[in-house]
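Me: I'd like to learn how to read a ligand site and a couple of side chains in a model. Could you walk me through it?

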Amino acid sequence: MAKKTILITGAAGFIGSHLCERFLGEEFRVVGMDNLITGDLKNIEHLFKHADFEFYEHDVSTFVHVPGNLDYILHFASPASPIDYLKIPIQTLKVSSLGTHNLLGLARAKNSRILVASTSEVYGDPLVHPQTEEYFGNVNPIGPRGVYDEAKRFQEAITMAYHTFHGLETRIVRIFNTYGPKMRLNDGRVLPAFIGQALRGEDLTVFGEGQQTRSFCYIDDLVDGIYKLLFSDYAKPVNIGNNEEITIKEFAEEIIELTGTNQKIVYKSLPQDDPMQRKPDITKAQEVLGWNPKIKRSEGLKITYEYFKSLTKDDLYKKEHNTFEKYIR
Ligand code: NAD
Ligand code: UDP
């Protein structure tokens, strides 16, 4: 039987690169696409020798062309870290709006099923806890995070519209904070920030009083949830995340223990609109997909720490991502 072909956008990023590996492992032909704005070819260079892997360097906010048959599309291209989308706000808005439109058009033309990466940020600074898929959210459209949150909300709306009006096979995953190997050490997200600081012998910077909560999911669990959702027949949004909640202060203490650093915690001001509480209600994923997170934080953090320790000094001290200059004008 001929292999199925899947297009993965954001392939050189953290989650995209893990998805490429998983689908190659499942005997798919994988077409990766990325413009490298926040990603890195290093994340996928080991895949280039694979006969079933191809890669296109392309900005999906412009017209997307892929020759031949496409059975599935995973749209994962988008900056995902608050400091990234503050630096490249317009590109962030474009990739989840214009980019999603282009990929939905491609899916229609190729008769493919498409799954788009949404986020817990559609709930904004939530007033309902834990967050269920039925909650509409509390988003400030014109705040600093609005460029990401509103683009993702638009992405969900246009994806649903293609499903309803064109009968397109669509899936929407709402991803909660995910971590693991191949995150960019300098992307500003809390886990690489803390581990990077510990490895450089710097104090760990907790924003606010550190009483805000997050619930961290290990990458392999997320990828498994995405895989199950893609092959389910459920078209409404599904939360995928770990429901073990922790305050950021406690998280910093865990990283101090994990790394054995002598550094201490220092407190910095809380960024505007930083959500105070975040924890997914995963009943839907459990019931519809039979999915549950399996990897404990202690286990996932150990694997991730080993990865960060294996990086070069250059990576450890790099302040800016190398392609930002090309895009920031
Ligand atoms: P990432 O920055 O590591 O990866 C994103 C990738 O998309 C990068 O390789 C980047 O170069 C690429 N990209 C961005 N704009 C593009 C464009 N216009 N054209 C082509 N490629 C483009 O981030 P990630 O953590 O891997 O996130 C991947 C997806 O998952 C994003 O859509 C993000 O919103 C979503 N998500 C992630 C998390 C998380 O915790 N990591 C949480 C919620 C949602
Ligand atoms: N945070 C922190 N110190 C850092 C980086 C982040 O205290 O050096 C906090 C941030 O304010 C937020 C939480 O950690 O409350 C998670 O931040 P991240 O950027 O990882 O993701 P978010 O869930 O906010 O999108």
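Me: Which atoms of L36 and ligand 1 lie 3.4 Å apart?

Reply: Look for pairs of N or O atoms within 3.5 Å. In this predicted model, a backbone N or O atom of L36 lies 3.4 Å from an oxygen atom of ligand 1. S78 also places a backbone N or O atom 3.4 Å from a ligand 1 oxygen. With Y148, a polar side-chain atom lies 2.6 Å from an oxygen of ligand 1.

Me: How much of ligand 1 does the protein bury?

Reply: Compare the ligand taken alone with the ligand in place. Alone, ligand 1 exposes 830 Å², and the protein buries 96% of that.

Me: Which element gives the largest share of the shell around ligand 1?

Reply: That is β5, with three residues. The elements giving two or more residues are α1 (14–25), β5 (113–119) and α4. By type, the shell has 14 nonpolar, 12 polar and four charged residues.

Me: Is K152 buried or exposed?

Reply: Check the relative accessible area against the cut-off: buried means under 20%. K152 has 4%, so K152 is buried. K152 sits in helix α4 (residues 146–166), and its side chain reaches the backbone oxygen of A117 at 2.7 Å. Beyond its sequence neighbours up to four places away, K152 touches residues including S78, S118 and T119.

Me: And what does the side chain of H75 reach?

Reply: The H75 side chain reaches the backbone oxygen of V95 at 3.3 Å. H75 lies in strand β4 (residues 72–75) and counts as buried because its relative accessibility is 1%.

Methods:
Residues numbered from 1 in each chain as written. Chains lettered and ligands numbered in written order. Predicted model: local features only at pLDDT ≥ 70, side-chain atom pairs only at ≥ 80, totals over all residues. Heavy atoms only, no water. Helix = DSSP H or I, 4+ residues; strand = E, 2+ residues; numbered from the N terminus. Buried < 20%, exposed > 50% of the residue type's maximum accessible area, 1.4 Å probe, protein only. Contact = heavy atoms within 4.5 Å. Polar contact = N/O pair within 3.5 Å; in protein donor to acceptor, adjacent residues only side chain to side chain. Areas by Shrake-Rupley, 256 points an atom, 1.4 Å probe, with all protein chains shown as cover. Nonpolar A, V, L, I, M, F, W, Y, C, P; charged D, E, K, R; others polar.
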